[in-house]
Every structure is written in C-alpha cells, then in structure tokens.
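Let me put the sequence and the structure up on the screen, and then we can walk through a few places together.

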Amino acid sequence: MSTTHTTREWQAMDAAHHLHPFSDMDGLNRHGSRVIVKGEGVYLWDSEGNKLFDGMSGLWCVNVGYGRKELADAAYRQMQELPFYNTFFKTTHPPVVELSQLLSEVAPEGFNHVFYTNSGSEGNDTVIRMVRHYWASLGQPNKKTIISRINGYHGSTIGGASLGGMDYMHQQGDLPIPGIVHIEQPYWYANGGDLSPEEYGLKAARELEKKILELGVENVAAFIGEPVQGAGGIIIPPTTYWPEIQRICDQYGILLIADEVICGFGRTGHWFGSQYYGIKPHLMTIAKGLSSGYLPIGGVLVHDEVAKVLKQGDFNHGFTYSGHPVAAAVAAENIRILQRENIIERMNSDVVPYAHQLWHDAFDHHPLVDDVRTLGFFFALTLVEDKSTRKRFANGGELALRCRDICFRNNLVMRATGDSMISAPPLVMTRSEAEEFVSLAKKCIDEFARELGRL
Ligand SMILES: *Cc1c(COP(=O)(O)O)cnc(C)c1O
C-alpha cells in the first residue's frame with residue numbers, strides 16, 4: 001500500500017532513528033516493526049497489504065472507528081480558519097467554547113467546566129496541581145497527599161507515572177514523587193482468596209479508609225482511580241467496590257477523582273464510567289476517546305463544587321496547546337458523531353449483549369483460560385494453569401506475550417497485560433464484526449492452547 005518505500009526500508013529507517021515507547025528496542029529491531037499504513041472502521045492495513053482486526057481501538061482511543069471523513073473535514077476547515085491561538089491572555093476561540101459547551105452537555109450533572117491538556121498524562125498532572133491548589137485555596141495547604149492504587153495507570157509523565165501504580169515504571173527514574181501513595185487494587189481473581197467478590201470489594205475499598213486514617217485526613221487531598229482499570233489488564237472491580245469508595249470519600253471529605261481516559265466517551269456503554277458505577281467524582285480526567293484519537297487532546301472535567309473555588313483567582317497552570325483549536329474542533333465533531341449516530345445507545349441495545357454472549361460462549365469452558373470478563377466494549381480473559389484452584393502460571397506474563405504474537409500473526413490486535421489477554425474494539429463494531437473478532441480470538445487462543453498441550 002505504501003508506494004514510497006518497501007516494508008524493509010521502513011523497518012530499517014525505523015530501527016535506525018525511532019525510539020518506541022514502552023518497547024524492548026533490541027528485540028523490536030531484530031524483528032522489525034509492523035508498518036501500519038491505513039485504517040477503516042475496525043480494520044487496519046499493514047505495508048504488506050494484510051488486513052488486521054483492531055481489537056484495541058488503536059490505544060483505547062479510536063472509539064468512532066477509522067476513516068471518518070467528518071473528522072478530517074473538521075480539522076481541515078479549522079486549520080484554514082485559525083490553526084492556532086492561545087487561551088492564556090484574555091482570549092478564546094469558537095472551537096474551544098463549543099467543545100466546552102458540548103462537554104457540559106454530555107457530562108454528568110454538575111460538570112460544567114473543563115481544563116484542557118494534550119494528553120491523559122497531562123490531565124492527571126493537572127489534577128495533582130488542581131487538587132493541591134483547591135485545598136490550599138480553602139486554607140488547608142497540608143491536604144496534599146493523593147491516594148492511588150497499585151497497578152493503576154495514569155500516564156507516563158512524572159506526575160502521571162507517580163499516580164500510576166506500575167512498579168516497572170517506578171523503577172526507572174525514582175518514582176513516585178512525594179505525596180502519592182498506593183493501596184491495593186480491587187482485583188478479586190488475584191487477591192480475593194476465599195472471600196466472595198462482594199466481600200472482597202468492600203475489603204479492597206476499606207484499604208482507602210485505613211490509609212486515610214494512617215496518614216491523617218488533614219493530609220489527604222484526594223483518591224484517584226480508573227472506574228475500570230485499563231492498562232492494568234481490564235480489571236473490573238466487584239460491584240461493592242465503588243459505592244464503598246464513594247462512602248469513604250464522602251465521610252472523610254476528600255476529593256474523588258475518576259480517571260476516565262479509557263472509560264470516558266462510551267467504552268462502558270455510558271458516556272462515563274462513573275455513570276456506569278453510579279459514583280459522583282469531583283474531577284474526571286479525559287483524553288483518548290475525547291477525539292477518538294484523531295488529534296491529541298485531553299483535559300479535566302471539573303465539578304461545580306471545585307470550579308467555584310478555582311474561579312476565585314489565578315491557577316498558574318496551562319499548556320501552549322491547551323484547547324488547541326484544531327484538536328478542539330475535531331473533538332467537538334467526534335462528540336457530535338457519538339450523539340448523531342446514537343453509538344452508545346446502539347452498543348447497549350444491540351452489539352454489547354450479543355458480543356458478550358459470544359465471548360463467554362467461546363471462552364467460559366476453555367481449558368486454558370479463566371476470569372473471562374466483559375463490560376461494555378471491554379473483553380478480557382486470563383491464561384491459567386488450573387481453573388479449579390485459580391492457579392496462575394508462574395511465567396504468565398511471558399506466555400501472554402507469546403499468545404499476543406500468535407494473535408498478531410493471525411491479524412488480530414489484542415494486548416497482553418500480565419497473564420491476561422485484553423481487548424477494547426472500536427465502539428462501532430457491528431454484530432458480524434463481533435463474530436469475526438471473537439472467532440479470530442478463539443482461533444488464536446486455541447492455537448496457543450495446542451502449543452502448550454492444553455487442547
Ligand atoms: C492512556 C491513559 C492515560 C494517559 O494518557 P496519555 O494520553 O497516554 O498521556 C491516563 N490514564 C489512563 C486511564 C489511561 O488509560
């Protein structure tokens with residue numbers, strides 16, 4: 001498909017000059033990167049002309065699918081009209097105003113303000129500064145510590161990676177920064193022992209209460225969590241977890257921050273994951289699905305309760321590209337597409353129940369996998385040594401990477417996280433595409449199970 005260079009040439013130039021994020025560069029360069037040249041709907045094409053099913057929506061972001069001419073047109077129009085202007089010094093521009101208005105329409109009640117960034121990581125860095133500034137403005141400058149979770153993912157800037165609970169990230173560069181502490185993640189399959197999921201959900205949530213009491217509530221600013229952990233492996237908390245977290249935040253008067261970077265804009269079958277769980281956060285970090293990944297844009301949705309304090313004076317924070325007009329125009333059009341095509345309602349009433357059923361039919365009784373889980377357009381399973389005892393593989397991470405390579409060879413993009421195989425397809429996946437997706441996934445897991453002598 002690409003006419004200017006052969007695949008080998010692209011790979012050689014890539015290996016010579018491009019440092020990839022989160023990649024073992026040595027291994028990657030020995031095999032060569034796969035060169036992706038085109039996308040349409042739920043599909044990608046590589047430079048060899050292979051058609052792939054994108055079970056990851058790019059990187060959890062291409063919610064409305066590839067190839068949307070409306071989004072390209074919105075960018076083109078805005079670039080010609082006003083490619084850039086800032087919003088720092090008493091100015092604004094139509095795209096950023098329109099997007100802000102639209103966001104307050106689709107966000108839960110009370111979210112009428114937004115602060116813009118270019119990414120989810122910057123959104124969470126903004127959150128750190130915002131909550132500290134909020135408490136300082138209320139005369140409580142010591143309320144600074146943010147409680148987060150082990151294996152949470154909040155981005156890769158110094159602040160984002162510190163909020164995140166990824167050990168392998170903390171090990172590089174002396175993280176986390178002071179004032180961020182981590183508690184257990186609500187991962188029943190791994191940590192629940194003999195408790196029922198419901199009992200365990202309460203226990204995991206009460207780790208927050210314990211930590212608040214240990215630190216002293218006068219020192220605690222906020223709790224942050226993803227409604228469903230994405231990069232951590234699509235970890236769906238027990239139903240009791242979030243209501244108990246809400247109770248604890250309310251009781252101790254700390255701010256609740258929902259990192260909606262993945263869950264936002266339809267992934268859970270609601271506009272926001274917080275709505276799925278019925279929680280009422282003070283701040284919501286957004287990015288990814290905000291523009292369906294067509295241009296980089298993120299932000300923080302701010303509840304009135306916090307906004308009224310922030311609006312009383314200066315907040316000395318912002319990015320050159322905060323509310324970039326082209327990105328804002330694309331994000332606004334992306335939201336209009338979600339609205340116009342009723343994508344979220346359509347998912348819920350049609351493809352979601354159907355695709356969940358297909359996934360469970362394919363894997364519930366599969367000898368190699370357990371903890372088969374679905375929620376909205378999240379699909380996941382865990383490779384296990386023995387289902388009857390929830391015994392996991394000692395080398396589960398390595399096995400999952402091998403399984404991912406099988407998927408990739410079979411033109412299915414799924415991700416391996418720990419010992420889980422995870423997927424989050426574009427929200428426009430149809431019934432017949434869901435059939436194709438699940439049967440491809442089944443074929444790959446079967447192939448791997450045969451390789452391991454488990455089928
Ligand atoms: C991807 C992600 C981020 C970071 O977003 P970037 O745009 O990569 O900086 C933050 N939080 C969550 C939950 C994410 O999935």
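Let me start with a question for you: is Arg 431 buried, partly exposed or exposed? Before I answer, please keep in mind that this is a predicted model. Arg 431 is partly exposed, since its relative accessible area is 38%.

Now look at its partner. Arg 431 makes a salt bridge with Asp 350, and the closest N and O atoms are 2.6 Å apart. That pair joins distant parts of the chain, with Asp 350 in helix H15 (residues 343-363) and Arg 431 in helix H17, 81 residues apart. Asp 350 has 28% relative accessibility, so it counts as partly exposed.

Let's stay with the charged side chains for a moment. As a general point, side chains of opposite charge can pair when their charged atoms come close. How many salt bridges does the model have? The count comes to 20.

One of them is between Glu 207 and Lys 210, at 3.0 Å from N to O. Both residues sit in helix H10 (residues 197-215), three residues apart, which is about one turn of the helix. Glu 207 counts as buried because its relative accessibility is 18%, under the 20% cut-off. Lys 210, at 53%, counts as exposed, because the cut-off there is over 50%.

Another bridge joins the side chains of Glu 385 and Lys 391, at 3.1 Å from N to O. Here Glu 385 is partly exposed at 37% relative accessibility, and Lys 391 is partly exposed too, at 42%. There is also a network of salt bridges, which links Glu 98, Glu 333, Arg 336 and Arg 340.

Next, please turn to helix H16. This helix runs over residues 396-409, which makes 14 residues, and spans 20 Å from its first C-alpha to its last, close to the 20 Å expected at 1.5 Å a residue. Which residues of H16 are buried? They are Gly 396, Leu 399, Ala 400, Cys 403, Ile 406 and Cys 407. These residues cover an arc of only 110° around the axis, so they lie on the same side of H16. The cover over them includes strand E12 (378-386), strand E14 (412-413), strand E15 (415-417), strand E16 (420-423) and helix H17 (431-451). Just after H16, watch Asn 411, which takes a positive phi of about 65°.

Now over to the surface. Phe 84, Tyr 85 and Tyr 321 make up a nonpolar patch there, with about 290 Å² of accessible area together. Tyr 85 belongs to the loop between helix H4 (69-81) and helix H5 (94-106). With 39% relative accessibility, Tyr 85 counts as partly exposed.

My last stop is another loop residue. Where is Ile 279? You will find Ile 279 in the loop between helix H12 (273-277) and strand E9 (283-286). Ile 279 is buried, at 7% relative accessible area. Leaving aside residues up to four places away in sequence, Ile 279 touches Trp 242, Gln 246 and Ser 274.

That's my tour, so over to you for questions.

Notes:
Residues are numbered from 1 along each chain as its sequence is written. This is a predicted model: local features need pLDDT of at least 70, side-chain atom pairs count only at pLDDT 80 or more; totals for chains, interfaces and linings use all residues. Side-chain values use heavy atoms; hydrogens and water are left out. Helices (H or I, at least four residues) and strands (E, at least two) are DSSP runs, numbered from the N terminus. The expected span of a helix is 1.5 Å times one less than its number of residues. Buried means under 20% relative accessible area, exposed over 50%, partly exposed in between (1.4 Å probe, protein chains only). The arc is that of the directions from the helix axis to the C-beta atoms. Contact means heavy atoms within 4.5 Å. Patches are made of residues with over 30% relative accessible area and no salt bridge: like charges are joined within 9 Å, nonpolar side chains (Val, Leu, Ile, Met, Phe, Trp, Tyr) within 5 Å. Accessible areas come from the Shrake-Rupley method with a 1.4 Å probe; for residues, only the protein chains shown count as cover. A salt bridge is a side-chain nitrogen of Lys or Arg within 4 Å of a carboxyl oxygen of Asp or Glu.
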